[in-house]
Amino acid sequence: MEFYDVVTKRRTIREFLDKEVDFETIKRILEAGNKAPTWNHNRNWSFILLKTDEEKEYVFEYAKKMADKFDAEKYLNIPRPYPITLGQKMYAHAMPRQFTMLKEAPYVIIPVFKMKELDGASVSKLNPFATIWCVIENIVLASTAEGLSCSMRIPLEEEHDIVKAKLKVPATYRIPAFIGIGYANVDEKELEQHYPEIESQLHFGKWK
C-alpha cells in the first residue's frame with residue numbers, strides 16, 4: 001500500500017471481526033513502532049500484549065464500568081445552546097464501546113515508556129511522552145498497511161494507576177494508551193470527520 005493511501009485509510013475503529021491475526025504480523029507492526037524517533041536514542045519502550053478474554057477482562061475492568069454506565073442517548077439529547085458538534089457525536093459513539101473495542105480485538109498492545117511523572121513545566125521535559133506517541137502512530141500506520149485497524153483508549157489518571165498495578169509495570173514507566181488491533185468490522189458506522197483546507201491553517205513568517 002502506498003504511503004499516502006495508508007495515511008488516508010488510517011482511522012480509529014471500535015468494532016472488530018471475529019478473525020484471527022497472525023502473530024508475525026503483530027511483530028512487524030511493533031518493529032515499525034520501534035523505528036520511531038526517540039529523544040535519548042535508547043528507545044526505553046516495552047510492549048505488553050493481551051490476547052485472551054480473561055486477560056482483557058481483568059485489565060480493563062475500569063473501562064467496562066465506564067462504558068456500562070454511559071447513556072449515549074441521554075448524552076446526545078442534553079439541551080445545548082448550540083448544534084451538537086462532530087466531537088460530541090464521536091464521543092457518544094465511542095464511550096459505550098470503550099471496553100468491547102479492546103476485548104473484541106484479537107490483540108491489545110499496551111506500550112509503556114520510561115518516565116516516572118509527566119512533567120509539563122517545559123515542552124522539552126515532555127520529550128519521552130512525545131516520542132511514545134510517535135511509536136503509537138507508527139503502530140497505527142503499520143497496522144493500516146497490513147490491512148488491519150486499531151482501536152485506542154487513553155487511560156484516565158486513576159485508571160492508569162490501577163492498570164499499571166495489575167500489569168506490574170515498573171514504577172519508572174507509564175502507559176500512554178491501550179491499542180486494540182484486528183480486522184475492522186466494515187459495517188461499523190463511520191462518523192463524519194472534519195478536514196480543514198490546508199490553506200486556512202498556514203501562517204507565513206508569523207501568525208498574522
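This is a predicted model: local features need pLDDT of at least 70, side-chain atom pairs count only at pLDDT 80 or more; totals for chains, interfaces and linings use all residues.
Trainee: What angle do helix 2 and helix 8 pack at, and how far apart are their axes?

Mentor: The angle is about 145°, and the axes are 7 Å apart. Helix 2 covers residues 23-34 and helix 8 covers residues 127-145.

Trainee: Is that crossing left-handed or right-handed?

Mentor: The crossing of helix 2 and helix 8 is right-handed.

Trainee: Which residues meet there?

Mentor: From helix 2 they are I29, L30, A32 and G33. On the helix 8 side they are V135, N138, I139, A142 and S143.

Trainee: And how do the residues of that contact divide into nonpolar, polar and charged?

Mentor: There are 6 nonpolar and 3 polar residues in the contact of helix 2 with helix 8, and no charged ones.

Trainee: Switching to salt bridges. How many turn up in the whole structure?

Mentor: The search finds 12. One of them joins the side chains of R11 and E190, at 4.0 Å from N to O.

Trainee: Where do R11 and E190 sit in the chain?

Mentor: R11 is in the loop between helix 1 (3-9) and helix 2, while E190 is in the segment after strand 5 (178-182).

Trainee: Are they buried or exposed?

Mentor: R11 has 28% relative accessibility and therefore counts as partly exposed. E190 is exposed, at 58% relative accessible area.

Trainee: What does E15 pair with?

Mentor: E15 forms a salt bridge with R97, and their closest N and O atoms are 3.1 Å apart.

Trainee: What are the relative accessible areas of E15 and R97?

Mentor: E15 is at 21% and R97 at 22%. Buried would need under 20%, so E15 is partly exposed, and R97 is partly exposed as well.

Trainee: Now K64 and D68. What is the N to O distance?

Mentor: It is 2.8 Å, between the side chains of K64 and D68. Both residues are in helix 4 (residues 61-69), and because they are 4 residues apart, about one helical turn separates them.

Trainee: Which exposure class does each get?

Mentor: K64 is partly exposed at 35% relative accessibility. D68 is exposed, with a relative accessible area of 56%.

Terms used. Residues are numbered from 1 along each chain as its sequence is written. Side-chain values use heavy atoms; hydrogens and water are left out. Axes are lines fitted to C-alpha atoms, for helices over the stretch in contact, and angles run from 0 to 180 degrees between N-to-C directions. Helices (H or I, at least four residues) and strands (E, at least two) are DSSP runs, numbered from the N terminus. A crossing is left-handed if the near helix is turned anticlockwise from the far one by less than a right angle, and right-handed if clockwise. Contact means heavy atoms within 4.5 Å. Ala, Val, Leu, Ile, Met, Phe, Trp, Tyr, Cys and Pro count as nonpolar, Asp, Glu, Lys and Arg as charged, and the others, Gly among them, as polar. Buried means under 20% relative accessible area, exposed over 50%, partly exposed in between (1.4 Å probe, protein chains only).
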